[in-house]
Amino acid sequence: MGSGFGGLFAAKALRGAKADVTLISGTTYHLFEPLLYQVASGILSEGEVAPPIREILKNRRDIDVRLGWVTDVDVAGKMVVVNYPDGRDRSVPYDSLIVAAGAQNSYFGNEQFAVHAPSLKNIDDALELRSRIFHAFEMADLEEDPEARRRWLTFVLIGAGPTGVEMAGQIAELAHRALRGQYRNADLREAQIILIDAVDRVLPAFAPSLSEKAKKKLTKLGVDVRLNTRVVDVDATGVEVKTADGGQRIEANTKIWAAGVAAPSLSTRIAEATGAETDRAGRILVEPDLTVPGHPEIFVVGDMAGSDLPGVAQVAMQGGRYAAKTVKKRLAGKTDIKPFKYFDKGNMATISRFSAVADLGKLHFGGFLGWLLWLVIHLFYLIGFKNKITTLLHWMVSFLGRGRSERITTVQQMNARNALNTLGKR
Ligand SMILES: Cc1cc2nc3c(=O)[nH]c(=O)nc-3n(C[C@H](O)[C@H](O)[C@H](O)COP(=O)(O)OP(=O)(O)OC[C@H]3O[C@@H](n4cnc5c(N)ncnc54)[C@H](O)[C@@H]3O)c2cc1C
């Protein structure tokens with residue numbers, strides 16, 4: 001279940017198993033989430049980060065790919081209920097179930113913030129953010145009132161984890177470098193990019209020295225980093241923040257939420273059906289072999305599994321592979337199944353072109369070296385030869401030159417949030 005890192009790597013690792021594999025996913029593609037911010041900032045196209053799952057698995061005759069959302073699990077009958085795009089429900093039987101439905105963004109109970117501060121989790125989000133960012137520059141150029149123009153040129157990012165840092169760095173690059181000279185009325189050098197977090201450092205999952213490096217680089221790029229600052233309200237034209245010294249309002253039309261994740265509602269359904277416990281974020285607490293307690297036939301991997309492991313792609317990939325190998329072992333009658341062991345390959349985040357931080361256990365890299373590592377590793381893991389080539393070309397255009405080839409947005413992308421909400425599709 002799911003065509004993200006967990007689901008895809010599980011499906012791939014089931015090669016050679018004497019099994020019929022059904023891959024059910026709500027999307028037709030495998031989304032490479034770590035590069036979504038580059039779609040939102042006009043560097044890459046959505047196709048480059050989301051290759052079609054049928055194309056990836058075209059040589060796997062043993063896999064039946066189905067588009068649909070799993071809404072329920074019948075544990076006793078060993079079936080999942082799938083809601084197809086035309087609204088029909090179908091039951092799909094299973095002997096073993098690998099659940100890799102990921103996570104969703106959390107507004108910590110303030111879901112109303114989403115209308116004014118979209119987050120970045122899927123292609124829809126990335127294209128909506130792209131529209132909002134480039135629209136803000138257009139509006140700043142049209143606006144004659146200095147205060148209104150300032151509101152269009154102020155960008156607030158809430159959450160200083162990798163997504164907040166990467167988006168802040170990209171908007172700063174757009175305003176101060178890539179789009180320079182293209183607007184006759186607005187001076188993009190006046191753009192204010194404000195990165196806010198309630199904790200006391202950026203990239204808290206990284207080593208403190210790398211957090212410090214990242215903060216220095218962001219400040220050099222013109223990003224106003226405000227730590228120990230809590231966002232308490234978000235509306236159409238700004239945010240209210242609280243610090244130890246009191247409250248303040250920041251006027252800004254463009255806000256981006258990068259502050260938290262929670263398990264999808266399916267997690268609650270599976271927990272109810274199996275009696276499994278969940279953690280504070282709603283993720284299912286699994287056994288050391290990634291199965292649901294009392295249900296050795298159901299695995300939960302990746303972001304949806306509650307554990308002390310980070311919510312990163314490697315955990316999902318390794319978990320998916322492990323679950324598939326366990327299924328294969330069981331089919332072969334083997335019983336020597338060891339607990340899942342995560343091999344931590346480290347953490348990376350880009351700040352701007354030629355600058356990234358890489359936390360590889362005892363080895364810490366920043367600046368250009370960190371960026372080179374980031375580039376090589378992301379190219380390596382990006383799926384599809386064609387995608388690697390076009391991504392590399394787009395990177396050359398954006399990093400060596402000043403171009404942003406993917407600036408186009410449509411009225412639909414800008415306004416579709418309300419329509420999707422009405423249809424109950426978000
Ligand atoms: C913007 C962003 C940047 C990130 N950057 C990094 C990074 O730099 N490095 C890193 O290691 N990690 C990064 N991550 C985290 C990483 O992408 C996740 O940890 C990883 O994708 C988790 O894999 P997964 O398989 O659990 O879930 P996902 O990859 O999210 O896949 C979930 C899949 O399940 C499907 N699905 C969901 N619900 C259902 C349902 N009910 N029925 C059917 N299908 C369903 C979805 O369509 C999707 O295919 C980033 C995440 C985001 C959002």
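I start with residues 2-320, whose end C-alpha atoms lie 11 Å apart. That span is 30% helix and 25% strand; helices (H or I, at least four residues) and strands (E, at least two) are DSSP runs, numbered from the N terminus. UniProt, in an unreviewed entry, gives this stretch the feature "domain: FAD/NAD(P)-binding". UniProt positions are in the numbering used here, feature names are shortened, and annotations may be inferred rather than shown by experiment.

Some housekeeping: this is a predicted model, where local features need pLDDT of at least 70, side-chain atom pairs count only at pLDDT 80 or more, and totals for chains, interfaces and linings use all residues. Residues are numbered from 1 along each chain as its sequence is written, and side-chain values use heavy atoms, without hydrogens or water.

Now strand β8, residues 154-158. Five of its five residues are buried, meaning under 20% relative accessible area with a 1.4 Å probe, protein chains only. Thr154, Val156 and Ile158 point one way, Phe155 and Leu157 the other.

Which strands does β8 pair with? One is β9, residues 192-196, parallel over five bridges; pairing takes at least two DSSP bridges. There, phenylalanine 155 has isoleucine 193 as its bridge partner. Between β8 and β9 the chain passes through helix α7, residues 162-178, in a right-handed β-α-β crossover: with the strands pointing away from the viewer, the path from the first strand over the helix to the second runs clockwise.

β14, residues 254-257, also runs parallel to β8, joined by four bridges. Leucine 157 stands opposite isoleucine 256 there.

Terms used
Buried < 20%, exposed > 50% of the residue type's maximum accessible area, 1.4 Å probe, protein only.
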